[in-house]
Amino acid sequence: MRGETWVRPPVVAREAPPAWRARWRFRLVALLLLAVLAAGAVQLVRVLSGATAQDPGIGTEAAAASVTPAVAPGAAAGTGQPAAK
């Protein structure tokens, strides 16, 4: 005679979880994944463009030089007046 065999206990019936909960869980996870992808894309653009904390723009140094006003050589910086000799 063989030993005892395991008998599965009876399954207890219970109500299925509401569909709205699954729907909102999916939306929340999808929104979080989208936010992570967007943040990763922004970080990738910042790394590839060479942006820093001091210069968060995407442009190159040449573009920044075209925006900077030219100061005549020998002029005092910021005053527009010739430097004292």
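**Helix and surface**

Guide: Helix 1 has 31 residues and spans 45 Å from its first C-alpha to its last, close to the 45 Å expected at 1.5 Å a residue, where the expected span is 1.5 Å times one less than the number of residues. This is a predicted model, in which local features need pLDDT of at least 70, side-chain atom pairs count only at pLDDT 80 or more, and totals for chains, interfaces and linings use all residues. Residues are numbered from 1 along each chain as its sequence is written, and side-chain values use heavy atoms, with hydrogens and water left out.

Visitor: How many helices and strands are in the chain?
Guide: The chain has two helices and zero strands, taken as DSSP runs numbered from the N terminus (H or I of at least four residues for helices, E of at least two for strands).

Visitor: What follows helix 1?
Guide: Gly50 follows helix 1, and its phi is positive, near 80 degrees.

Visitor: New topic: is Leu48 buried or exposed?
Guide: Leu48, which lies in helix 1 (residues 19-49), is exposed, with a relative accessible area of 68%; buried means under 20%, exposed over 50% and partly exposed in between, with a 1.4 Å probe and protein chains only.

Visitor: And what share of the chain's residues count as buried?
Guide: Of its 85 residues, 1% count as buried.
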